[in-house]
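Please look at the sequence and the structure before we walk through them together.

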Amino acid sequence: MCQNCKKPYYITTAIAYTSGKPHIGNTYEIVLADSIARYKREQGYDVRFQTGTDEHGQKIELKAEEAGVSPKEFVDGVAAEIKRIWDLMNTSYDKFIRTTDEYHEKQVQKIFKKLYDQGDIYKGYYEGLYCTPCESFWTPSQVVDGKCPDCGRPVQPAREEAYFFKMSKYADRLIDHINKHPEFIQPVSRKNEMMNNFLLPGLQDLCVSRTSFTWGIPVDFDPKHVTYVWLDALTNYITGLGYDCDGDNDQLFEKYWPADLHLIGKDIIRFHTIYWPIFLMALGLPLPKQVFGHPWLLQGDGKMSKSKGNVIYADTLVDFFGVDAVRYFVLHEMPFDNDGVITWELMVERMNSDLANILGNLVNRTISMTNKYFGGVVRDAGAAEAVDEDLKATVLEAVKKADAKMDQLRVADAITEIFGIFRRSNKYIDETAPWTLAKDEAKKDRLATVLYNLTEAITIGASLLESFMPETSEKILKQLNTEKRALSEMDTFGKYPSGNKVTDKPEILFARVDVKEVMEKVEAMQAAQRAEAQKEAEAAGGQEGAGGEAGEKEASDGIDVEAKPEITYDDFAKLQFQVGEIIACEAVPKSKKLLCSQVKIGSQVRQILSGIKAHYTPEEMVGKKVMVVTNLKPAKLAGMVSEGMLLCAEDAEGNLSLMTPEKDMPAGAEIR
């Protein structure tokens with residue numbers, strides 16, 4: 001009996017917003033959660049895995065209006081598409097909740113009323129700056145150059161009657177909980193961000209209802225109000241288990257709450273580690289055990305957009321590479337707490353190197369040699385040599401290391417350990433040279449033992465691989481004519497039944513792909529995306545042809561800015577521009593938008609503060625070569641001295657990009 005058997009484990013993803021089809025960066029989260037859920041089942045846990053869709057809000061109402069359908073018809077279509085992709089990626093969720101589900105809506109109304117009756121919610125007026133895409137209100141001090149600090153898009157002044165939640169009432173209690181439970185927010189960098197930027201400076205009361213749109217759950221005792229997004233969306237984690245505000249809870253809630261893990265993107269960490277815990281405190285419910293804010297999967301050539309033609313969808317990747325190859329790529333390429341990068345070229349490289357060569361070729365060679373030399377029979381003849389012990393030790397150590405990495409949610413590292421088994425097995429083939437052993441009848445037992453060891457190593461590796469590449473794992477084990485090895489049974493090498501027979505026709509697991517052919521298809525696909533984006537822009541702008549002003553701007557991806565007064569060359573010559581190298585960077589504790597960089601310029605190191613926190617993490621900054629104004633008079637910002645300025649480009653949506661030299665230039669090189 002394993003130590004975790006029957007022990008409940010509840011894992012959730014963030015619920016996907018139904019504004020459109022999710023791209024591969026959105027899809028990464030459900031695959032990541034699935035790999036954790038599957039592995040927890042292997043460890044013996046009784047797993048409950050929930051995902052779903054967030055379907056209310058002003059943005060949905062506007063998109064439905066543009067599409068000429070009702071909001072419900074709109075979200076029904078998008079939710080079905082999201083569920084189709086989750087299923088396509090072979091994810092093993094137990095519950096797919098929709099915030100338009102009748103039970104959820106009823107419970108949200110009851111929760112709102114309960115919090116109102118106990119004095120945690122009150123009616124007032126909200127006057128501030130509103131970001132429609134993020135559905136967030138901001139104060140003037142929070143916005144960055146008139147833009148939303150989260151997404152960088154313009155905000156609009158808004159005033160309306162609203163209900164508010166008294167966040168500050170529970171702030172000290174939440175701070176105390178975080179301090180006493182260091183594992184609550186992971187990675188640690190996310191915890192520090194929440195404490196320093198939000199909790200310690202003091203929380204403002206939270207707007208929890210709206211009257212300026214109607215697509216939401218009505219406040220039943222004040223029907224002109226609809227419940228604002230976060231009180232609606234976040235409660236899915238308990239309503240999906242059958243939580244009843246009146247106390248008549250489903251047995252699922254009693255069994256699985258509190259959640260063991262909320263898996264979310266780093267961009268919504270604030271809502272899950274501040275708003276959600278406070279809502280739970282107000283309801284008298286225990287807090288989730290851990291919230292993990294995973295990094296982003298970024299497009300290698302910049303932000304995904306249709307106008308650039310570089311949006312990548314999971315089903316497109318599956319058409320190119322297959323489900324398990326896509327699962328492998330998104331899981332393997334994501335560091336624990338830094339953003340990962342996705343490019344078509346890198347996917348082809350991984351397909352050919354890791355999957356076709358290291359894994360697929362290993363399995364095929366082992367089965368083919370077993371058939372050629374022993375009619376498919378795998379036999380441990382006991383003819384051991386010293387080299388065998390290193391293979392066995394590597395395999396058993398990889399099991400322990402992968403298990404430890406998964407307990408730390410370091411999924412990419414766990415996969416690396418598993419592929420270490422396959423790499424070592426390939427090396428073992430080179431060391432033992434079975435084709436040479438086969439030439440000497442006196443070494444037949446040694447040859448049999450070598451092939452047995454390879455088969456056993458692959459069996460253990462394939463069994464471990466099930467959580468990450470389930471179809472591939474099943475195919476390998478079927479070809480080896482054996483069952484998946486239980487995790488608890490991987491503490492010993494040599495359990496593959498001697499005398500067993502492998503398949504006589506090994507299947508090619510992963511075929512190599514030609515990068516040139518792939519890129520030709522990708523370029524055609526991207527051109528079609530750009531054409532579609534231009535067509536949509538023309539339709540939105542009322543233009544009839546590609547020669548219209550809107551079409552020209554969309555096609556060129558250019559923007560116009562207000563011209564400043566002309567200057568002379570002498571004016572320009574007063575400015576000194578140099579290349580700087582960022583050697584260290586950190587967030588400024590007292591600021592919501594500033595990063596503090598240590599910039600090497602020649603033999604000097606200067607401290608420069610930049611309002612780019614919404615666009616870059618400190619980790620992304622380190623190592624960059626940037627353009628710096630070096631003769632700017634030092635200024636004091638947020639109590640710190642800034643000794644220069646980093647140059648950035650800004651698009652029409654307020655997105656910033658640091659200006660970097662096209663070629664590698666030394667720190668200190670003059671720009672002129």
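Let me begin with a term: a contact means heavy atoms within 4.5 Å. In that sense, glutamine 204 touches Thr139, Gln142 and Met167, leaving aside residues up to four places away in sequence. Two notes on the source apply: this is a predicted model, in which local features need pLDDT of at least 70 and side-chain atom pairs count only at pLDDT 80 or more, while totals for chains, interfaces and linings use all residues. Residues are numbered from 1 along each chain as its sequence is written, and side-chain values use heavy atoms, with hydrogens and water left out.

Glutamine 204 sits in the loop between helix H6 (188–199) and E9; helices (H or I, at least four residues) and strands (E, at least two) are DSSP runs, numbered from the N terminus. Its C-alpha atom is separated by 37 Å from that of glutamate 81, 123 residues apart along the chain.

I turn to the sheet. It is open, with 4 strands in the order E6-E5-E7-E9 and antiparallel pairing; two strands pair if DSSP finds at least two bridges between them. At the edges are strand E6 (136–138) and strand E9 (206–207), each pairing on one side only. Strand E5 (residues 121–131) is joined to E6 by 3 bridges, and cysteine 131 has serine 136 in E6 as its bridge partner.

What lines the largest cavity? A cavity is a set of points on a 1 Å grid over the protein atoms alone where a 1.4 Å probe fits but cannot get out, and lining residues have an atom within 4 Å of a point. Its lining includes Leu317, Phe321, Arg350 and Leu355. Helix H11 (314–321), helix H12 (323–332) and helix H13 (344–374) each supply at least two lining residues, and the largest share, 5 residues, comes from H12.

Finally, the salt bridges: a search of the whole structure finds 41, each being a side-chain nitrogen of Lys or Arg within 4 Å of a carboxyl oxygen of Asp or Glu. In one of them, the side chains of aspartate 34 and arginine 38 meet at 2.8 Å, N to O. Both residues lie in helix H1 (residues 24–42), 4 residues apart, about one turn of the helix.

How values were computed. 1 Å grid on protein atoms, 1.4 Å probe; cavity = no way out; pocket = protein on both sides within 12 Å on 5 of 7 lines; lining within 4 Å.
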